[in-house]
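Okay, everyone, thanks for coming. Let me put the model up, and then we'll walk through how it is put together.

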Amino acid sequence: MLPSKRDVEVRIRRAAATLATLPPFGVDVPWRRCRTPYRIFLAELLLVRTRVDLVAERFEGIYRRFPSPAAFAAASQDDVAEALASLGLRKRIPLIRRAMEYLVDRHDGCIPASQEELLRIPGVGTYAAAATAAFAFGHRGVPADVNVLRLLARITGLEMEHRTKGSKTLRALLPLLAPETGGPACEVVLDFARLTCKPRRPRCDECSLVSCCHHAHAHIPPASASSA
Ligand code: SF4
């Protein structure tokens, strides 16, 4: 049986309130250590279809080589290819360069703060725009990350429908999960979804959302979970 709209919303609001009380997960990646809009934007471009640990390892080297959109746009194709080759981004290099050229031409080499303007940058998709707006500028919202969509599906009992894109319904519910501000509070939501509500073995036994989670109620014994 499909969960009711009210049940879905109550569960998500309770989850959001609990997530807002959690401390940061302490994920140590260079673009969180020293936050500037460009570093966060650059990280989001490099993270498309690339592992976080690999980007984290190479990030400072790439940033030192191209410390601004202008430096990136002015670099030769060979320089960029050499710097990014180890990330397996060869096919995306022209797109990343076009994004940097666009920033120089249209935004004086700065990163725009609004999602609408970010989405106009060549090669910037919905996720990268939402993530940059939230993490670099503190805008309210949760990027439609696969882990967050899976978390929403488990809390509500709704179907994912697509393994990575979730469903239109789940994506429409994302704003209910968003903390009051972006930045570190938003990172807690993403980190929780990735590290606690793991894809294969969610850590329900130590999860603070167990009382409002449909999945927990359906899959773990009543002694450990109480339904919303
Ligand atoms: S109780 Fe389990 S399934 Fe539900 S949110 Fe927590 S880790 Fe995920």
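Predicted model: local features only at pLDDT ≥ 70, side-chain atom pairs only at ≥ 80, totals over all residues.

Residue numbers run from 1 along each chain as its sequence is written.

So, the shell around the ligand: by class it has ten nonpolar, two polar and two charged residues. A residue is near a molecule or strand here if its C-beta atom, placed from the backbone, lies within 6 Å of it. Which of the 14 residues around the ligand come nearest? Those are Cys197, Pro202, Cys204, Cys207 and Cys213. As for elements, helix H10 (146-156) and helix H13 (214-219) are the ones that give two or more residues to that shell, and H10 gives the most, with three residues. Helices are DSSP runs of H or I with at least four residues, strands are E runs of at least two, and both are numbered from the N terminus.

Let's zoom out for a moment. The protein chain is divided into domain 1 (5-24 + 142-219) and domain 2 (30-137), with bounds that come from an automatic or database domain assignment. Taken over C-alpha atoms, their centres are 27 Å apart. Seven residues from domain 1 and eight residues from domain 2 make the contact, where contact means C-beta atoms, placed from the backbone, within 7 Å. The domain 1 side of it splits into three nonpolar, two polar and two charged.

Now for the helix packing. Two packed helices are described by the angle between their axes and the distance between the axes. Axes are lines fitted to C-alpha atoms, for helices over the stretch in contact, and angles run from 0 to 180 degrees between N-to-C directions. Under 35 degrees is roughly parallel, over 145 roughly antiparallel, 65 to 115 roughly perpendicular, and the rest oblique.

Take helix H1 (residues 5-19) and helix H11 (residues 168-177): they pack at about 45 degrees, axes 9 Å apart, which makes H1 oblique to H11. On the H1 side we have Val8, Glu9, Ile12, Arg13, Ala15 and Ala16, meeting Leu173, Leu176 and Leu177 in H11. That contact has seven nonpolar, no polar and two charged residues.

How do H10 and H11 cross, then? Their axes come within 10 Å, at roughly 90 degrees, so these two are roughly perpendicular. Leu149, Leu152 and Ala153 of H10 touch Leu170, Leu173 and Leu177 of H11, giving six nonpolar, no polar and no charged.

Last pair: H1 and H10 pack at about 125 degrees with axes 9 Å apart, and are therefore oblique. Val8, Arg11, Ile12 and Ala15 in H1 meet Leu152, Ile155 and Thr156 in H10, which comes to five nonpolar, one polar and one charged.

Methods
Nonpolar A, V, L, I, M, F, W, Y, C, P; charged D, E, K, R; others polar. Contact = placed C-beta atoms within 7 Å.
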